Amino acid sequence: MEDSELSPYCYSSSLDKDRQIRFFEMMFETLPSDYEEQEINRLTLAYFAISGLDILGALDRVDKEEVASWVLSFQSHARRRDDRDNGQFYGFHGSRTCQFQPDGSKALDHNGSHLASTYCALAILKIVGYNLATIDSESILISMKNLQQPDGSFMPIHIGAETDLRFVYCAAAICFILKNWSGMDREKAKDYILNCQSYDGGFGLVPGSESHGGATYCAVAALKLMGFIEDDPLSKSTPSSIINVPLLLEWSLHRQTVDCGFQGRPNKASDTCYAFWVGGVLRILGAHQFFDSGALHGFLLTCQSQYGGFSKFPGKLPDLYHSYYGLSAFSLLEEPGLKPLCIELGITDVAASGI
Ligand SMILES: [Zn+2]
């Protein structure tokens, strides 16, 4: 069946908060079978659902203690103290399937913990109010250092994978949440990020690559978390920044297209998630007054589904990823009834408070 036959348009003139709560609650309780292929990212999907409910002020729909113990069950532990520096990463696994080897052999020796899963795990624990002082953060930080490359970037998993800005962001967010920067060389990470700023002002995922909305968010948010970007830099009479802010501002503002949504790159269609990725960058820079927020609001409403959630493009079926970032964009636009976000950390201000 074609998506269009389901007519998922809502065309509501406002955010339907009750319907959104039902959507995120449903996603929290039972993921549809379409998500089977994403089983390996179970913690990330849980982060979208739980943080979404938090933004909606509906965290009472989840059992916080149950959630915390479920998340903690994915943590990888070194057998001995000395093992923490053996080159493996002792963070969190993304799901049960990557926690244990398929044949069940040497199950406890297997370690597939990942930087993105670890960021999501810690974010969820913050959201449900778990006391992070009780977790073995030292193992996470000591072993995370081994993932940083000589150029300052991070590998997400100790067995090797692509290294780019996404994982520099995850590492920065992990250190920020744990209030301990011993897990990374901040100067090296900063240099890597600066090398990713392109001639047009945006950031590419790796040095020399095309500017991209998601990579630009990772760069700017990581620099903010690491303390290299001041609060609201544009409001200062003499802005001093290690990045080219005017060019970044120009690149970001040009991502709002004729249909009023944001695109991730030039000549691409508007997509719900970039309302957060690029809109978030503009908020961190203190430049949100320079884009047409009313028009963006209208675009987002055309992506609100009658089933709750948001789709990537108008007229498509909703998915959890775009639903979360669509909702986050509404929070960024200061929608009444939604909790404000700590944009650089990707959780509500309330959840982030106390860090
Ligand atoms: Zn998208």
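**A walk through a predicted chain**

Start with serine 139: it counts as buried, with 20 C-beta neighbours inside 10 Å. The cut-offs are these: 20 or more other C-beta atoms within 10 Å of its own make a residue buried, 12 or fewer make it exposed, and anything in between is partly exposed, with C-beta atoms placed from the backbone.

Two notes before I go on. This is a predicted model, where local features need pLDDT of at least 70 and side-chain atom pairs count only at pLDDT 80 or more, while totals for chains, interfaces and linings use all residues. Residue numbers run from 1 along each chain as its sequence is written.

Back to serine 139. It sits in helix H6. Helices here are DSSP runs of H or I with at least four residues, strands are runs of E with at least two, and both are numbered from the N terminus. What does serine 139 touch, apart from residues up to four places away in sequence? His77, Ala78, Arg84 and Tyr90. Touching, or contact, means C-beta atoms, placed from the backbone, within 7 Å. Serine 139 and glycine 279 are 140 residues apart in sequence, and their C-alpha atoms are 35 Å apart in space.

Now the whole chain. How many helices and strands does it have? There are 14 helices and 2 strands. The radius of gyration is 20 Å, close to the 20 Å from the globule rule for 355 residues, so the chain is as compact as a globular protein of that length. That radius is taken over C-alpha atoms, and the rule is 2.2 Å times the number of residues to the power 0.38. The C-alpha trace spans about 55 × 50 × 35 Å along its principal axes. Of the 355 residues, 49% are buried. Take the contacts between residues at least 6 apart in sequence: 66% of them join residues at least 24 apart.

Next, the core. The largest nonpolar core holds 102 residues. By nonpolar core I mean buried Ala, Val, Leu, Ile, Met, Phe, Trp, Tyr and Cys residues, joined through C-beta atoms within 7 Å. Which members touch the most others? Val168, Ala171, Ala172, Ile174 and Ala222. Helix H7, residues 165-178, gives this core its largest share, 13 residues. Look at isoleucine 174: beyond four places in sequence, it touches Thr118, Tyr119, Leu122, Ile140, Met144 and Gly183.

Phenylalanine 92 comes next. It lies in the loop between helix H3 (64-72) and helix H4 (96-99). Buried or exposed? Phenylalanine 92 is buried, with 27 other C-beta atoms within 10 Å. Setting aside residues up to four places away, its contacts include Leu43, Phe74, Ser117 and Ala121. Ser113 is another contact of phenylalanine 92. These two are 21 residues apart in sequence, but 4.8 Å apart from C-alpha to C-alpha.

Now a helix pair. The axes of H10 (residues 245-253) and H11 (residues 272-285) come within 10 Å and cross at roughly 145°. Axes are lines fitted to C-alpha atoms over the stretch in contact, with angles from 0 to 180 degrees between N-to-C directions. Val245, Leu249 and Ser252 of H10 meet Val278, Val281, Leu282 and Leu285 of H11. By class, this contact has 6 nonpolar, 1 polar and no charged residues. Here Ala, Val, Leu, Ile, Met, Phe, Trp, Tyr, Cys and Pro count as nonpolar, Asp, Glu, Lys and Arg as charged, and the others, Gly among them, as polar.

On to the loops. Cysteine 260 sits in the loop between H10 and H11. Its phi is near 85°, a positive value in a residue other than glycine. Most residues other than glycine have a negative phi. Cysteine 260 is partly exposed, with 19 other C-beta atoms within 10 Å.

Glutamate 334 also has a positive phi, near 60°. Where is glutamate 334? In the loop between helix H13 (320-332) and strand E1 (341-342). Glutamate 334 is exposed, with 10 other C-beta atoms within 10 Å.

Last stop, valine 206. It is in the loop between helix H8 (186-195) and helix H9 (213-225). With 16 C-beta neighbours inside 10 Å, valine 206 counts as partly exposed. Beyond four places in sequence, valine 206 contacts Asp164 and Cys196. Leucine 165 is 41 residues from valine 206 along the chain, and their C-alpha atoms are separated by 6.6 Å.

Note on methods. Contact = placed C-beta atoms within 7 Å.
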